[in-house]
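Subject: Structure handover

Hello,

Please find below the structure you are taking over.

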Amino acid sequence: MSISKETAMDHLKDPAVLCCRAEGGITLQASNLEDPDLFPDYEDSGLLELPDDVLNIEQVLGATLKDTTDALLPLTPDMVDNIQSPSDDSNDDSDKDDSEDNSTDDTADNANSDASVATSTDQSAQNAAQTVTPVITSGTTSNGVIKIDIAKGEGIHLEVPTNASTTSIPNQSNQKVVNDSTTENAVANNNDNNNDSADNNATADTDDNNPDEVQTKVVRELERDHFKITEVKFGDKTEINGTTLTIRTPKDLCKEAVETEKIVQDMTLEIITPDDYDKYSETIMDVQPIATKAEGEIGSGVTRVLDGAVFVLTGTDENGIQIGEFGSSEGEMNKNIMWNRPGSPDKGDIMIKAQVTIDAGRNMERIGPLSSHKAADIITQEIREALKKADDSLIVNKEKLVQKRHPNQKRVVIVKEIMGQGAMHDNLIMPVEPVGTLGAKPNVDLGNLPIMLSPLEVLDGGIHALTCIGPASKETSRHYWREPMVLEAMNDEDIDLVGVLFVGSPQANTEKFYVSKRLGMTIEAMDVDGAIVTTEGFGNNHIDFASHLEEIGKRGVPVVGMTYSAVQGQLVVGNKYMDAMVDNNKSAQGIENEIFENNTLCPEDAIRAMAMLETKMAGGKIEKPERKWNPNVKENNIKVIEKHDNIKIEEEPNEQSLPKSKKRIEIYEKE
Amino acid sequence: MEKVTILLKQHVGKPDKPLVEVGQRVKRGELIAEPVGLGANIHTSLTGTVEDITDDAIIIDADEDQCKEDFVHIPDSDDYLTDIENAGIVGAGGAGFPTSVKLSNKIPGGYLIANAAECEPLLCHNTQVEERYADQIVRGMKYLLEITDAKVGYIAVKKIHHAAVLALGKACKNEPKIQVKFLTNMYPAGDERVIVRQLLGVVLKPGELPIKAHAIIQNTETIKRVAEAIELRKPFIDKDITLDGRIKERSTVFENVPIGLPAKKFIDAAGGYINPHGDITVGGPFTGHTGKESTPVTKTTGAFLVAMPYPQVHKKIGLLECECGGQEPRLREIAKKMGSEVVAFQRCKRMVLVNGRYRCSLPGICPGQADAVLAMKKKGAESILTGTCQD
């Protein structure tokens, strides 16, 4: 299929192959050329072989084809007259004016990584981006400020007297960051990903004062007081003594809880110690930290939290149908739970596991999961009350979480798409107690419209998650409590995290687009420099996920998407703004194998997303991924980032570290 | 179960002579008619009882239970050409020329070309078959290369059929004698003379056959049926067809449907009509003809297309005939159904009379029509109806 001029510009260095039979004597244009993205397929089918001397696209645009030539033949020097030399100024193609003059040549590439050149008195910043699109440079001087705007460019040579600017030179590197979500493209290459700050590159407005120095403004602080629990037992009264949590006789407690909700028929409570990990459990609906406010409201003040014990909610209807959709994680816990994910129990945690039974057939109705959560919260609330009363001396660790703004840095917003289709696909936003239910509003009732939370509100239990899609990719309440993307962004001094915007994913397409248009307008008004959009699950929600990225991207805001995708979660829709995607997949096969929390967003993903966003915000490009899901793309990205930032990124283990579950043996990894 | 209408003429030549009697039991794949002179064997596509034999057709009352995998095999032979003849294979692309006759020409050093153009608009069964059965088509081509002594086999395909192109490319990747070649994306790229011109650079005169350029061209479905005959001993009793137009499930392909079943069965299977609807066209929009709900599938049926109702154009119109589109009788039929009065008739200036039939001298490279248009205007034509292909 022939390509457009724009596509040709994106592929100037790629081989030139005729897309269709072309007559001798014509002047070659983009419309005569095949899309380089299709080459792998053609090569695979034996229909195309690229010789070593094949010309690249920028060499043939404007050149003359000697003889009539068939489709899918690579253009070599003997077939073409008037081969274009990109560094040649004499270009008579009226279509492309100054853009070609700025295209790259070999010397630009060389200078690019040469640090000594960069720091010499003639500060020269050479940027060899692969894409050459029209470069707009306007140099104006006023009030002693030189303002240079460069949309995109390469081979740009700037000379500025040393005493006139304090701009430091970006530590340029030719790193490649590749979009690692299968269906998505994009990629990268010569980013000016610099260590100092994203502001310090050619694309920046040279603001004023010394941008090397990170300005910090503390917005608010949150203290987490940790109470260590080593034993949980049942007794007469719910209380915390030393490191022992006693919970009131479950029969009475559960009865009280069941009575609060009409459709909840029964509830049992079980204490799971590490010795019991091989026991059977129904599908896990949620994992919740047990925490309570000691001072202030959610997102500030002091929160008390139990370490070593978590609340786990499971359930079925009275016919034994799991309260879940698209998979469920029932089975022996040690085979079905991916321990230590942000949203999982950690290995060693004691689980206080409630099992709820609801009226038959209500599992897929909104009231079913909601009632289960509310009833179970009666129990957690009783523990919270005990935690409030616990003696200060039992605090083992006071953790300080600080929300800072960095006014000189690029403003970044995190957009978290949460499920809002109804039934279990709902989230309670901003309860009174951390991960409580009281006082919270379901995002479904809020019309799934964007709601802004501060990063500390997110990390302080501001989201009570009902969401219950694929067990491997759903974000539990504990996930938000330890949300890696929020933590990564909040602690990154190179950006200015403005907040975390939650947007629900409604069921109907019309509502999806309604919501994402509002999101786009919100982003526009916020005037941010970059955005990261995350989602959980896959399939239906990818429609609005893609639309969110589009609404943000089309407003000129660099945006990175994060989702589980890989094989099974391949994006069903896409658009040109989805050129920087992070795949949260961890499973070896790239599938939803119903291992609880396996494919959720982890710190390693957050680091990659941040690297992509910084690359994009600095004007770099993200390379296109391979056509099929290939786990090596992620590995390579990790290596690139490790090398560039001189850090070690810990990769999470996956299901292969667990004994095989029944479903893995029988369905996913049959031998 | 249902009536199967097996036409006695599904090929170039005279109608076949029935070999069965009314009341006789016949098994799927059984030979029921044989050619008189030029023609091809005809087999029943379903098991049942012969209910009627008319001048045109053998009507079979098919049994309720049918097994598609089970059929009477063609006689054993060690000669591919005999297999093809026994299987009753004819050009499935629409022409219906007996394949064994065409292949009896040896073309040493010549070109065996698989016509994978899927030339007519809307039709898509060939493309789909090429995607799914590329290997079978390539194997069929190897048999044809052997039969004809051709030095090389080309698969002529439009590049726009991306998936088919890739599948065919893969299938012949390791076949040194078979290559994929591209046709331009236009109608009538699948015309034999256009293929010869584009692939071999030889311009055939109107009426000349590809053999003149040392080429034999076979439609891909024909080649698939050849492979079936040789490998599975299966006679030509099933057909691939496209259903499209004003039906609920547009672009539906039915693979291997028993020959003899009526159009309505497939219209229903594709969700039924979208009302209002017009005529049923049998074959492609350009070269098809008007059919009925009872029109049976034959060896050359490519499609059943349900048209919209004819617009009523109560005007004086002129007809402009082109070899690649509807011919004069079809244009007159359409004009009549539109309520138009035909006041003039012209042929495109490329049309030349060859052996009693008007042929185009340069198919696919169309001239201006100013002369013809002015001539018709002179005779009072207010509008023109034409089956031409290019702008």
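A:Glu330 and A:Lys663 form a salt bridge, and their closest N and O atoms are 3.7 Å apart. By salt bridge I mean a side-chain nitrogen of Lys or Arg within 4 Å of a carboxyl oxygen of Asp or Glu. A:Glu330 sits in the loop between β12 (301-317) and β13 (331-332) of chain A and A:Lys663 in helix α17 (residues 662-668) of chain A, so the pair ties together parts that are 333 residues apart in sequence. Helices (H or I, at least four residues) and strands (E, at least two) are DSSP runs, numbered from the N terminus.

Before going on, some points on the source. This is a predicted model, in which local features need pLDDT of at least 70 and side-chain atom pairs count only at pLDDT 80 or more, while totals for chains, interfaces and linings use all residues. Residues are numbered from 1 along each chain as its sequence is written, chains are lettered from A and ligands numbered from 1 in the order in which they are written, and side-chain values use heavy atoms, with hydrogens and water left out.

Salt bridges

Are the two partners of that pair buried or exposed, or in between? A:Glu330 is partly exposed, at a relative accessible area of 21%, and A:Lys663 counts as buried at 18%. The cut-offs are under 20% relative accessible area for buried, over 50% for exposed, and partly exposed in between (1.4 Å probe, protein chains only).

A:Asp349 forms a salt bridge with A:Arg478, with 3.0 Å between the closest N and O atoms. This pair links distant parts of the chain, 129 residues apart: A:Asp349 is in the loop between α8 (333-336) and β14 (350-358) of chain A, and A:Arg478 is in helix α11 (residues 477-481) of chain A. A:Asp349 counts as buried at 6% relative accessibility, and A:Arg478 counts as buried at 9%.

A:Asp445 and A:Arg366 also meet through their side chains in a salt bridge, at 2.9 Å from N to O. A:Asp445 lies in the loop between β18 (441-442) and β19 (451-453) of chain A and A:Arg366 in the loop between β14 and α9 (367-389) of chain A, so this pair ties together parts that are 79 residues apart in sequence. A:Asp445 is exposed, with a relative accessible area of 52%, and A:Arg366 is partly exposed at 27%.

How many salt bridges does the structure hold over all chains? The total is 75. In chain B, a network of salt bridges links several residues, among them B:Arg28, B:Glu221, B:Lys224 and B:Asp240.

A sheet in chain A

Three strands of chain A make an open sheet in the order β6-β8-β7, with mixed pairing. Two strands count as paired if DSSP finds at least two bridges between them. At the edges are β6 (231-235) and β7 (239-241) of chain A, each of which pairs on one side only. On average, neighbouring strands of this sheet are turned by 25 degrees against each other, direction ignored; axes are lines fitted to C-alpha atoms, for helices over the stretch in contact, and angles run from 0 to 180 degrees between N-to-C directions. β6(A) pairs with strand β8 (residues 244-248) of chain A in the parallel sense over five bridges. One of the residues involved is A:Glu231, whose bridge partner in β8(A) is A:Thr244.

Cysteines

Over all chains, the structure holds zero disulfides (pairs of cysteine sulfur atoms within 2.5 Å). B:Cys348 is in no disulfide, and the nearest cysteine sulfur, that of B:Cys360, is 6.0 Å away. B:Cys348 is buried, with a relative accessible area of 7%. A:Cys254 is buried as well, at 4%.

A:Ile379 is part of helix α9 of chain A and counts as buried at 0% relative accessibility. A:Ile379 and A:Glu256 are 123 residues apart in sequence, with 8.9 Å from C-alpha to C-alpha.

B:Gly39 lies in the loop between β4 (31-34) and β5 (42-43) of chain B, and B:Gly39 is buried at 14% relative accessible area. From B:Gly39 to B:Pro15 there are 24 residues in sequence and 7.5 Å in space, C-alpha to C-alpha.

Regards
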